[in-house]
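Trainee: I would like a close look at one part of this structure, with the details that go with it. Please keep the answer in one piece.

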Amino acid sequence: MRFTRIRTAKATAAALVAIPLALGGPALQSHAQDASPSPSGTFGPGCSALSQKADTVKDKVVEAAAAYPQLSQLVSAAVRAKLSGTLDDKRNITLFAPNDQAFQKMTVSQLASLLSNQGQLKKVLTYHVVDKQITPNELSKGSFTTVEGSKLTTSGSGTDFKVNGKANIVCGNIKAANATIYVIDTVLQPPS
């Protein structure tokens, strides 16, 4: 009888491991990380949907962002603004990276205007970069000077954070060789 219980317990444990793996393994694992953000793990409701082409820890920030298909418009804009080298040469920065959906929130004319004006594009993109590594613990009531020169603020708690009170951090604390990346759902505009 005791031997049967042990075999049944092992079979149940194996099933509990097999079912999550069959349903998508790592995507389910991110929910465990959602519970409490820490400097060593990613967090946020959008992390499981953020697919990655490669390991980004060894890549500089622009190449690391390019590994995420959902950041393709940001990478394209950074290349267009000739910021790749500038951002990759900086150490210990934080990038609040607008995802493709953030760019889609802009009107066609707003986006066309932004992309056609290299100076304005550079200003907007550098407003998304802070010249220091920001940990999740600093996000609850943060105020940071951007590379563009203006301030941006962060607020929230747990795994629910906003930038400037309107952009949601959908996935945070992604590590790159020279940066920490927080994916946001809105393109931030520097104060006029």
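Mentor: The model is a predicted one, and everything below is computed from it. Helix α8 runs over residues 118-126. Its buried residues are L121, V124, L125 and T126.

T186 has a relative accessible area of 15%; the cut-off for buried is under 20%, so T186 counts as buried. Leaving aside residues up to four places away in sequence, T186 touches P98, A102, K105, H128, K166 and A167. Of these, P98 falls within β1 (93-98), and A167 within strand β6 (residues 167-175). The side chain of T186 also has a polar contact with the side chain of D185, at 3.1 Å.

The link is right-handed, with 100° about the S-S bond. It joins distant parts of the chain: C47 is in the loop between α2 (26-34) and α3 (61-66), C171 is in β6, and the two are 124 residues apart. Both ends fall under the 20% cut-off and are therefore buried: C47 has a relative accessible area of 11%, and C171 has 3%.

Two backbone details concern the strands already named. N164 is in the loop between β5 (160-163) and β6, and has a positive phi of about 55° although it is not a glycine. Its relative accessibility is 24%, so N164 counts as partly exposed. N92 is in the loop between α5 (84-89) and β1. Phi of N92 is likewise positive, near 55°, and this residue is also other than glycine. At 38% relative accessibility, N92 counts as partly exposed.

The asparagines N92 and N164, each in a loop, are partly exposed.

How values were computed:
Residues are numbered from 1 along each chain as its sequence is written. This is a predicted model: local features need pLDDT of at least 70, side-chain atom pairs count only at pLDDT 80 or more; totals for chains, interfaces and linings use all residues. Side-chain values use heavy atoms; hydrogens and water are left out. Buried means under 20% relative accessible area, exposed over 50%, partly exposed in between (1.4 Å probe, protein chains only). Helices (H or I, at least four residues) and strands (E, at least two) are DSSP runs, numbered from the N terminus. A polar contact is a pair of N or O atoms within 3.5 Å; within protein, one must be able to donate a hydrogen and the other to accept it, and residues adjacent in sequence count only if both atoms are side-chain atoms. Contact means heavy atoms within 4.5 Å. A disulfide is a pair of cysteine sulfur atoms within 2.5 Å.
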